[in-house]
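Colleague: I am new to this structure. Could you walk me through it?
Modeller: Gladly. Here it is.

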Amino acid sequence: MADTVEDFGGTPVFVCDPAGEPVRGEQDATDLIGNAYYQGASWVAVPAERLGDDFFRLSTKVAGGIVQKFANYRMGLAVLGDIDRHVAGSTALRDFVAESNRGRQLWFLRDAEALRGKLAGE
């Protein structure tokens, strides 16, 4: 499977292949944003396994840099998949995830169906 753009109830989403290149930092985020923008997407769905452990350790500031790139370009970011092991080990990450999921820029969700629902306002 390759990265594709899919219609999620009227919202074009750039869905990243789980087997694609890791997203390690701001340059990788910028590349994803460029590809998504070029293909007309307004959201990017990244499988959690494409994000390194550093993303989930907030002290590294990797997540902050990546999320800031998406915010700067007004592109939504959805991290899809099981992040329970990361959240279980960090109160700060648990709070970050909860706060992000209340917003409109960054969501941490189980799967693409959950993203479809959230984009539909469910």
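**Questions on the fold**

Modeller: Leu93 is buried, at a relative accessible area of 1%; buried means under 20%, exposed over 50%, and partly exposed in between, with a 1.4 Å probe and protein chains only. The model is predicted: local features need pLDDT of at least 70, side-chain atom pairs count only at pLDDT 80 or more, and totals for chains, interfaces and linings use all residues. Residues are numbered from 1 along each chain as its sequence is written, and side-chain values use heavy atoms, with hydrogens and water left out.

Colleague: In which helix does Leu93 lie, and which residues does Leu93 touch, not counting those up to four places away in sequence?
Modeller: Helices are DSSP runs of H or I with at least four residues, strands are runs of E with at least two, and both are numbered from the N terminus. Leu93 belongs to helix α5. Its C-alpha atom is 7.4 Å from that of Arg57, 36 residues apart along the chain. With contact meaning heavy atoms within 4.5 Å, and residues up to four places away not counted, Leu93 touches Phe56, Leu58, His86 and Val87.

Colleague: How many helices and strands are in the chain, and in what pattern?
Modeller: The chain holds six helices and five strands. Read along the sequence, the pattern is β-β-α-β-α-α-β-α-α-β-α.

Colleague: What is the radius of gyration of the chain?
Modeller: The radius is taken over C-alpha atoms, and the globule rule is 2.2 Å times the number of residues to the power 0.38. The C-alpha trace spans about 35 × 30 × 25 Å along its principal axes. For 122 residues, a compact globule would be near 14 Å; the chain agrees, with 13 Å.

Colleague: Which residues of α3 are buried?
Modeller: Helix α3 covers residues 62–72. What covers its buried residues includes α1, β3, α2, β4, α5 and β5. The buried ones are Val62, Ala63, Gly65, Ile66, Val67 and Phe70.

Colleague: Is Asn72 buried or partly exposed, and which side chain does the side chain of Asn72 meet in a polar contact?
Modeller: Asn72 is in helix α3. At 46% relative accessibility, Asn72 is partly exposed. A polar contact is a pair of N or O atoms within 3.5 Å; within protein, one must be able to donate a hydrogen and the other to accept it, and residues adjacent in sequence count only if both atoms are side-chain atoms. At 2.7 Å, the side-chain partner of Asn72 is Gln68.

Colleague: How many aromatic pairs does the structure hold, and what kind is the pair of Trp43 and Trp107?
Modeller: The structure holds three aromatic pairs. Rings of Phe, Tyr and Trp (its six-membered ring) pair if their centres lie within 6.5 Å; planes under 30 degrees apart count as stacked, over 60 as edge-to-face and the rest as tilted. For Trp43 and Trp107, the centres are 4.4 Å apart and the planes at 25°, which makes the pair stacked.

Colleague: Why does the pair of Trp43 and Trp107 tie together parts that are apart in sequence?
Modeller: Both Trp43 and Trp107 are buried. Trp43 lies in strand β3 and Trp107 in strand β5, so the pair links parts that are 64 residues apart in sequence.

Colleague: What kind of pair do Phe55 and Phe56 form?
Modeller: Phe55 and Phe56 are both buried. Their ring centres are 5.1 Å apart and their planes at 75°, so the pair is edge-to-face.

Colleague: Which side chain is joined to that of Arg50 by a polar contact?
Modeller: Arg50 lies in the loop between β3 and α2. Arg50 is buried, with a relative accessible area of 5%. The polar contact is 3.4 Å, and the partner is Asp3.
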